[in-house]
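Colleague: Could you walk me through one part of this model in some detail? I'd like to look at the place where the two chains meet.

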Protein chains: 2
Amino acid sequence: MIKVSVMYPNAPGARFNHEYYRDKHMPLVKSRMGASCKYYTVDKGLAGGAPGAPAPYAAMCHIYCDSIEAFQGGFGPHAKEIMGDIPNYTDQSPVVQISEVVVG
Amino acid sequence: MIKVSVMYPNAPGARFNHEYYRDKHMPLVKSRMGASCKYYTVDKGLAGGAPGAPAPYAAMCHIYCDSIEAFQGGFGPHAKEIMGDIPNYTDQSPVVQISEVVVG
């Protein structure tokens, strides 16, 4: 299994609407990707590792798929719509990582 | 629930022993943290978001705990031993984030 992690930098002054992200954007992603998205998780950044340090990322999601091809097949046809929704909850450009799930 | 994400930058030339991380380091973390670590996951970076882009992180782990206090209580007493094991699998300093699990 693979996961696609989408991580929104917690830049100074960054805008991020966690409610919209949880209630609107991620359900949109799931509805468009259908079964190619097995499930997803959502994180809200609280803190960094050092005392008093801010979270590096304001929020993250992790989308779990059987393979990179399954992700591309499910996401690709809807990429324009999904990415067009990003300004509705943030002014940040996400960092994206595709990972193999070694321990799930 | 919270998760502590430990993310190792995939710097050019970075060293990362994924087998040691999976088979030795993360079991060490779990054994020392005991029940304060409810469970953990491990990712191996495959790719970035853009075609041909490298993964931003060589590897990540996510440690799930009931609260920040539970993490600190379980990890703190063993931090020196656990962090002292890092050079055995990488030459990178991890980026650490504590997140609230919004959708788990």
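Colleague: To start with, which residue of chain B forms a salt bridge with Lys3(A), and how far apart are the closest N and O atoms?

Modeller: Before the answer, some ground rules. This is a predicted model, where local features need pLDDT of at least 70, side-chain atom pairs count only at pLDDT 80 or more, and totals for chains, interfaces and linings use all residues. Residues are numbered from 1 along each chain as its sequence is written, chains are lettered from A and ligands numbered from 1 in the order in which they are written, and side-chain values use heavy atoms, with hydrogens and water left out.

Now, your partner is Asp43(B): its salt bridge with Lys3(A) has the closest N and O atoms 3.0 Å apart (the rule is a side-chain nitrogen of Lys or Arg within 4 Å of a carboxyl oxygen of Asp or Glu). The pair crosses between chains, going from strand 1 of chain A to strand 2 (residues 39-48) of chain B; strands here are DSSP runs (E, at least two residues), numbered from the N terminus. Between chain A and chain B the count is two salt bridges, while over all chains it comes to eight.

Around those pairs, 31 residues of chain A are in contact with 31 residues of chain B (contact means heavy atoms within 4.5 Å). About 2600 Å² is buried between the chains, with carbon and sulfur atoms giving 59%; that is accessible area (1.4 Å probe) lost when the two parts are put together, summed over both. On the chain A side, Leu46(A), Gln97(A) and Val103(A) supply 21% of what that chain buries against chain B, more than any other three residues.

Strand 2 shows up again in the pairing. Strand 2 of chain A pairs with strand 4 (residues 95-103) of chain B in the antiparallel sense over six bridges (two strands pair if DSSP finds at least two bridges between them). In chain B's strand 4, Glu100(B) stands opposite Lys44(A). Within its own chain, strand 2 of chain A also pairs with strand 3 of chain A, antiparallel over six bridges, and there Thr41(A) stands opposite His62(A).

The same surface serves both copies, since 100% of the contact residues of chain A recur in chain B.

How values were computed
Helices (H or I, at least four residues) and strands (E, at least two) are DSSP runs, numbered from the N terminus.
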